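Please read the following report alongside the sequence and the model.

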Amino acid sequence: MIKTYIQFTKFGIVIFVLLSGLAGYALGYQSEVPFDWFHLLKTMAGLYFLSSGSLALNQAQEWKLDQKMKRTATRPVASGKIKPLTAYIMAACFLLLGVDFLMRASGLAAFFGILTVILYNGIYTYYLKPKWIYAAVPGAVPGSLPVTIGYAAINPNVFSSDSIYLFLILFLWQMPHFWALAIKFKDDYSDGGVPTLPVALGLEKTFFQMGMYTFCYVGTAIASPFFVTASWFYLLLVVPMSVKVLIDYYRFKKDRGQKRWLSYFMWINLSVLVYLFVPAIDKWNFIFTNTN
């Protein structure tokens with residue numbers, strides 16, 4: 001039962017959403033405001049239920065497509081462990097809980113939460129993903145909003161430079177992340193009729209597109225001092241991580257996505273956590289270094 005629940009809500013992705021929201025919350029927090037653990041817990045609970053509901057709803061929406069692909073055929077709804085109607089009801093309950101918790105934390109956070117569901121479960125799932133090879137690009141917008149939700153929960157100035165930086169990092173990361181998966185599971189996507197880049201345009205053009213976004217992604221991280229507070233954590237973590245990501249992309253491309261796939265996939269996923277959390281660490285490191 002627990003395993004089915006974890007698969008149904010895609011718990012691994014939910015954890016990443018929570019970490020993204022926490023990074024946004026930490027960077028948006030203003031030191032002059034008294035810290036409230038209860039407010040943080042409401043924000044995290046809202047993100048947990050909202051993302052769980054959205055991902056569960058996606059399985060209810062795509063269970064027939066999931067059945068066509070080996071990688072997704074064992075998902076609870078596709079495999080028959082959970083009936084589609086039951087999945088819709090559970091997803092709706094999760095979504096309502098998520099919006100309620102976010103509303104208690106911040107009306108602006110709740111707005112971005114609702115917008116995320118509309119963009120992902122509505123526009124992306126029904127209109128973009130089944131028809132467009134570049135669906136991952138606009139689809140990255142709802143995937144980037146968890147950091148904005150976390151930021152908005154504590155700070156309404158979501159168009160500030162540090163909030164924009166977090167959004168850009170998460171946005172740019174998603175294309176190389178997704179297209180790496182699309183290369184690995186190219187046959188699955190072909191069987192499901194999903195027009196991903198490797199299926200529609202081939203590996204060479206996919207690597208070219210991945211390269212462009214990888215360079216933009218790493219470049220934004222290196223340019224982070226123009227957006228956020230930067231100190232020695234930036235030099236210790238962001239710069240060497242950026243070099244490592246670029247090296248692994250080169251090896252991944254040279255290898256044609258074979259033996260170097262896992263290394264590239266792991267490093268680019270680790271890098272996004274570094275890029276999101278280092279600005280928050282740099283912002284708050286005075287707490288640990290101030291001896292006065």
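The report starts with the basis of the values and then turns to the cores, the patch and the salt bridges.

This is a predicted model, in which local features need pLDDT of at least 70 and side-chain atom pairs count only at pLDDT 80 or more, while totals for chains, interfaces and linings use all residues. Residues are numbered from 1 along each chain as its sequence is written, and side-chain values use heavy atoms, with hydrogens and water left out.

A nonpolar core is here a set of buried Ala, Val, Leu, Ile, Met, Phe, Trp, Tyr and Cys residues joined through side-chain atoms within 4.5 Å, where buried means under 20% relative accessible area, exposed over 50% and partly exposed in between (1.4 Å probe, protein chains only). The largest such core has 48 residues, of which Ile169, Trp179, Met210, Tyr217, Tyr275 and Leu276 touch the most other members. Helix 9 (161-184) is among the helices that each supply at least two residues of this core, and helix 9 gives the most, with 14 residues; helices are DSSP runs (H or I, at least four residues), numbered from the N terminus. A second, separate core of 39 residues includes Tyr29, Leu47, Ala87 and Leu95.

Contact means heavy atoms within 4.5 Å. Leaving aside neighbours within four places in sequence, the contacts of Trp179 include Tyr134, Leu197, Met210 and Tyr213.

On the surface, Ile2, Ile6, Phe11, Ile15, Leu19 and Leu22 form a nonpolar patch with about 480 Å² of accessible area together. Such a patch joins nonpolar side chains (Val, Leu, Ile, Met, Phe, Trp, Tyr) within 5 Å, from residues with over 30% relative accessible area and no salt bridge, and areas come from the Shrake-Rupley method with a 1.4 Å probe. Helix 2 gives the most to the patch, with four residues.

The structure holds six salt bridges, each being a side-chain nitrogen of Lys or Arg within 4 Å of a carboxyl oxygen of Asp or Glu. Three of them are tabulated here.

| Salt bridge | N to O distance |
|---|---|
| Asp66 and Arg75 | 3.3 Å |
| Asp100 and Arg104 | 3.0 Å |
| Lys244 and Asp248 | 2.9 Å |

Both Asp66 and Arg75 are buried, whereas Arg104 is exposed, at 53%. Because Lys244 and Asp248 are four residues apart in helix 13, they are separated by about one helical turn. Lys244, Asp248 and Arg260 are linked in a network of salt bridges.

Notes. Patches are made of residues with over 30% relative accessible area and no salt bridge: like charges are joined within 9 Å, nonpolar side chains (Val, Leu, Ile, Met, Phe, Trp, Tyr) within 5 Å.
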